[in-house]
Amino acid sequence: MLYPEYKYHLSYETMRKHKLSVRAIKNRDNNTCVYCLRSDVPMTLDHIVPQCRGGSNLPTNLVSACRSCNSSKNKTALADWTSPEIVERVMLWVQRDLQSI
C-alpha cells in the first residue's frame, strides 16, 4: 500500500471526537478542488485512497474535489488515476494545514 497510515477506518463517533467536518476539510483546501484547482464549482469530499482499498476517514485521506474529478476518479487510487506530479502536490497540500482542523 502506498500510504499505510490510511488503512485505519474511523467510526462516526471517532470522527466527531476529532471534530472533523466537511466544512473543516473544505476550509483547509480553500474550497478548491485539489486535483484540477477549480474553485468556481461546488465541492464534494473525496478519499485519496478509496475506502474500498483500505482508505480511512482521517483528514490526511480526505480532500475537496469538484464533482467532475471525484466522479472521474471514482474508486481508483490516486496514483493510478493521475500523474506523479499531481499525487505529490495533493500529498503536500493535505499535510500543510493539518493543525487547523
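These are my notebook entries on a predicted model.

**Ground rules**

I number residues from 1 along each chain as its sequence is written. In this predicted model, local features need pLDDT of at least 70, side-chain atom pairs count only at pLDDT 80 or more, and totals for chains, interfaces and linings use all residues, while side-chain values use heavy atoms, with hydrogens and water left out.

**Entry: Ala65**

I looked up Ala65 and found it in strand E2, residues 62-66. Helices (H or I, at least four residues) and strands (E, at least two) are DSSP runs, numbered from the N terminus. Ala65 has a relative accessible area of 0%, so I log Ala65 as buried. My cut-offs are under 20% relative accessible area for buried, over 50% for exposed, and partly exposed in between (1.4 Å probe, protein chains only).

Next I checked its contacts (heavy atoms within 4.5 Å). Leaving aside neighbours within four places in sequence, Ala65 is in contact with Cys33, Tyr35, Pro42, Met43, Thr44, Asp46 and Asn70. I also took a C-alpha to C-alpha distance: Ala65 and Val34 are 6.0 Å apart in space and 31 residues apart in sequence.

**Entry: aromatic rings**

How many aromatic pairs does the structure hold? I found one. Rings of Phe, Tyr and Trp (its six-membered ring) pair if their centres lie within 6.5 Å; planes under 30 degrees apart count as stacked, over 60 as edge-to-face and the rest as tilted. The ring centres of Tyr35 and Trp81 are 5.1 Å apart with planes at 70°, so I record the pair as edge-to-face. The pair links distant parts of the chain, 46 residues apart. Tyr35 sits in the loop between helix H2 (22-28) and strand E1 (43-47), and Trp81 in helix H4 (residues 78-81). Tyr35 is buried at 5% relative accessible area, whereas Trp81 is partly exposed at 25%.

**Entry: salt bridges**

I applied the salt-bridge rule: a side-chain nitrogen of Lys or Arg within 4 Å of a carboxyl oxygen of Asp or Glu. The count came to four. I followed up some of them.

Lys73 and Asp46 meet at 3.3 Å, N to O. Lys73 lies in helix H3 (residues 67-73) and Asp46 in strand E1, so this bridge ties together parts that are 27 residues apart in sequence.

Asp80 bridges to Arg53, with the closest N and O atoms 3.4 Å apart. Here too distant parts of the chain are linked, with Asp80 in helix H4 and Arg53 in the loop between E1 and E2, 27 residues apart. Asp80 is exposed at 55%; Arg53 is partly exposed at 41%.

Arg38 and Asp40 also form a salt bridge, at 3.0 Å, N to O. I note Arg38 as partly exposed at 38% and Asp40 as exposed at 60%.

**Entry: nonpolar core**

I then turned to the largest nonpolar core, which has 15 residues. Such a core is a set of buried Ala, Val, Leu, Ile, Met, Phe, Trp, Tyr and Cys residues joined through side-chain atoms within 4.5 Å. Cys33, Val34, Tyr35, Ile48, Val63, Leu78 and Val90 touch the most other members. E2 and helix H5 (84-96) each supply at least two residues of this core. Which element gives the largest share? H5 does, with five residues.

Not counting residues up to four places away in sequence, Val63 touches Ile25, Arg28, Asp29, Val34, Tyr35, Thr44, Leu45, Asp46, Ile48, Val90 and Val94.
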